[in-house]
Amino acid sequence: MSVFMIIRIAFKALSRNKMRTALTMLGMIIGVAAVITMVALGTGAQTSIDAAVQSAGTNTVIVSAGNFTQGGVRQGQGNASTLIPDDAVAISQLPGILYTAAGSSTRAQMVAGNQNWNTQAQGTDVDLPLINAWPVDDGSFFTTQDVTQAAKVVVLGTVVRDQLFGTDSEPVGQVIQIQHQPFTVVGVMASKGQSSMGQDRDDTVFIPYTTVMKKMRGVTFINNVTVAAAEASQVTAVADRIATLLRVRHKIAPGDPDDFMVRTIEEMASVRKEATQTMTALLASIAGVSLLVGGIGIMNIMLVSVTERTREIGLRMAIGARGRDVLLQFLVEAIVLSLFGGGIGIALGFGVAQGVTLWQGWPTAVSPNAVFLAFGFAAATGVFFGFYPAQKAAALDPIDALRFE
Amino acid sequence: MPTVISVKSLVKTYVVGEVEVKALRGVDLEVERGEFLSVTGPSGSGKSTFMHIIGCLDRPTSGQYLLDGQDVSRMTKDQLAAIRNKKIGFVFQGFNLLTRTSALDNVELPLLYGANGMKTAERHKRAMDVLKAVGLENRADHHSNQLSGGQQQRVAIARSLVNQPSILLADEPTGNLDTRTSIEVMEIFQKLNLETGITVILITHEVDIAEYGTRTVAFRDGVVVTDKQNTRRRMAQDELAALPAPTA
């Protein structure tokens with residue numbers, strides 16, 4: 001008896017009791033759909049992190065002052081006073097480096113007319129729009145001359161523009177007060193949206209780092225240096241060169257810890273990616289439990305089915321079915337149940353993932369891996385949970401089975 | 001006439017708990033092709049056990065059973081399944097049709113288990129042929145629960161015939177039917193027996209039903225007590241003609 005025949009017989013048997021077949025499949029459908037949706041959410045989150053890394057520039061290296069531990073004392077990064085503007089200049093002269101921007105930031109209250117807003121004032125250099133691939137929408141970025149002169153000029157993020165001057169206003173040329181000093185608005189950045197950390201990157205202003213150092217914070221050091229390597233493939237080499245240079249410049253003895261940190265955007269993203277992966281694995285394993293429950297549901301129904309169809313099994317044996325044929329028939333029934341349930345579950349999972357993207361705005365991506373995994377698991381569940389009832393059916397004695405009431 | 005069934009000193013012993021039950025205590029019997037054999041006996045006489053062994057559903061404890069000259073008493077379960085499929089057509093008291101399944105699909109069932117690679121069209125043709133033989137060609141698409149008891153039993157007879165078996169084994173086929181329908185079913189058996197020469201073995205505890213056969217064998221306590229040709233055989237066709245037409 002061919003496998004094709006057995007599949008036909010199994011289909012006929014399943015179609016004889018459609019309601020029960022549908023309900024049995026439901027467990028499988030929900031389990032698979034849950035796994036697909038959870039993995040889609042996780043993959044979507046990771047994809048958006050990747051996209052954020054791309055938009056931040058994969059060849060970006062960030063040098064921050066201070067290290068987590070220094071001489072046994074834990075320090076917050078960026079707060080040490082060891083990184084100075086000359087370090088940034090020295091870094092910019094290293095080979096393989098395209099752009100360099102020193103950074104010195106502070107939070108500040110800004111006032112325009114009767115509106116005021118508290119935000120991050122990022123002191124930076126003229127190349128930052130190039131490093132971050134972040135163009136100026138209106139007006140222009142400040143110039144090298146502004147940096148040298150520590151000019152009081154400011155480039156607004158769209159959120160700050162909206163808060164101080166109103167949506168779609170054109171504030172270039174206006175003067176705002178930052179820490180009671182007048183700053184001229186020279187430009188407005190294009191909208192950039194949220195960062196992978198969930199921060200609104202448009203809620204910021206850019207000021208020459210020299211101005212922030214001298215006229216706002218009154219310090220001689222900078223917090224960080226943002227560097228763009230010429231090639232993405234050179235990022236690690238560039239990071240190494242920077243570290244070597246700074247150790248020499250800061251006269252750090254061999255064996256002593258760095259007083260700075262050099263990190264690439266990809267490194268930073270990978271930490272967050274790992275967290276997302278852990279979360280995805282957790283959600284997927286919870287969804288996996290419902291798959292398991294679906295499988296047990298199939299076994300339960302198949303066991304009931306074997307008892308209920310004892311006479312049918314007896315008859316099939318009387319007219320020539322071998323134990324093997326009966327075993328295969330029930331096994332195929334269980335597999336068909338779980339595969340069809342799995343197939344519908346995949347479609348439903350697709351739908352739910354699309355729905356979440358549509359209504360919640362969360363990024364989702366249904367990965368082929370998750371589909372194969374869920375489908376494979378569904379098939380395995382069918383075989384695993386279908387085998388015991390099928391074996392029970394095949395082991396029946398035809399005489400007893402025919403007499404069964 | 002060649003011998004279809006040849007049974008020699010057939011013994012079947014069951015062990016129930018610690019008690020040995022001797023269901024058959026040495027049965028010798030020969031059945032020739034084209035016979036219509038009625039097997040009777042009270043319950044516990046061993047006729048059911050005899051039928052199970054003849055039907056290759058069970059194996060004897062000792063003794064020999066030749067079916068078409070082939071020793072089937074020592075065959076494996078799978079070999080017996082193949083023999084049942086090819087050589088034996090079963091008709092049961094409770095019809096044992098698949099529910100929610102058309103008459104045609106029910107009749108085709110033995111073909112699914114036996115003939116390897118038989119085309120769907122060929123299966124349909126053979127199933128329709130036997131449905132025609134039992135007069136149900138118009139009901140081929142009806143589900144079993146849409147058929148009367150007599151019609152269901154006729155579907156079951158068609159199913160037993162579809163693989164052209166050597167013997168037709170009917171176990172109390174009229175047990176669930178009223179008198180008129182019983183006679184109708186017996187008419188089909190007699191017609192098949194006369195026209196196609198198929199060997200029919202009818203297991204029944206009703207003496208008057210046994211009289212439709214050409215020969216009656218009576219069991220008691222695991223042995224054959226009488227074995228005689230039926231001198232005054234009942235003919236279902238004549239009886240049906242004599243009966244008043246059904247009112248409904």
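This is a predicted model: local features need pLDDT of at least 70, side-chain atom pairs count only at pLDDT 80 or more; totals for chains, interfaces and linings use all residues.
1. Six strands form an open sheet with mixed pairing, in the order β6-β7-β8-β3-β9-β10 of chain B. At the edges lie β6 (88-91) and β10 (223-229) of chain B, each of which pairs on one side only. On average, neighbouring strands of this sheet are turned by 20° against each other, direction ignored.

2. Within that sheet, take a look at β3(B) and β8(B). Four bridges link β3(B) to β8 (residues 199-203) of chain B, and the pairing is parallel. If you want a residue pair to find the place on screen, B:Leu37 stands opposite B:Ile201 in β8(B). Helix α1 (residues 47-54) of chain B packs on the sheet. This helix touches β3, β6, β7 (167-171), β8 and β9 (215-220) of chain B, and its direction makes about 150° with that of β7(B).

3. Next comes B:Glu35, which sits in the loop between β2 (19-32) and β3 (36-40) of chain B. With a relative accessible area of 13%, B:Glu35 falls under the 20% limit and therefore counts as buried. Its side chain and that of B:Arg215 are joined by a polar contact of 3.1 Å. Leaving aside neighbours within four places in sequence, the contacts of B:Glu35 include B:Glu30, B:Asn193, B:Ile198, B:Thr199 and B:Gln229.

4. The side chains of B:Glu108 and B:Arg123 make a polar contact at 3.3 Å. Apart from neighbours within four places in sequence, B:Glu108 is in contact with B:Arg123, B:His124 and B:Ala127.

5. Over in chain A, how do helices α9(A) and α12(A) pack? Helix α9 (residues 265-308) of chain A meets helix α12 (residues 368-394) of chain A at an angle of about 25°, and their axes are 9 Å apart. Because angles under 35 degrees count as roughly parallel, that description applies to α9(A) and α12(A). The crossing of α9(A) past α12(A) is right-handed.

6. Finally, the residues between those two helices. On the α9(A) side, the contacting residues include A:Leu291, A:Leu292, A:Gly295, A:Met299 and A:Val306. Among their counterparts in α12(A) are A:Phe377, A:Thr381, A:Phe385, A:Tyr388 and A:Lys392.

Methods. Residues are numbered from 1 along each chain as its sequence is written. Chains are lettered from A and ligands numbered from 1 in the order in which they are written. Side-chain values use heavy atoms; hydrogens and water are left out. A polar contact is a pair of N or O atoms within 3.5 Å; within protein, one must be able to donate a hydrogen and the other to accept it, and residues adjacent in sequence count only if both atoms are side-chain atoms. Contact means heavy atoms within 4.5 Å. Buried means under 20% relative accessible area, exposed over 50%, partly exposed in between (1.4 Å probe, protein chains only). Two strands pair if DSSP finds at least two bridges between them. Axes are lines fitted to C-alpha atoms, for helices over the stretch in contact, and angles run from 0 to 180 degrees between N-to-C directions. Angles under 35 degrees count as roughly parallel, over 145 as roughly antiparallel, 65 to 115 as roughly perpendicular and the rest as oblique. A crossing is left-handed if the near helix is turned anticlockwise from the far one by less than a right angle, and right-handed if clockwise.
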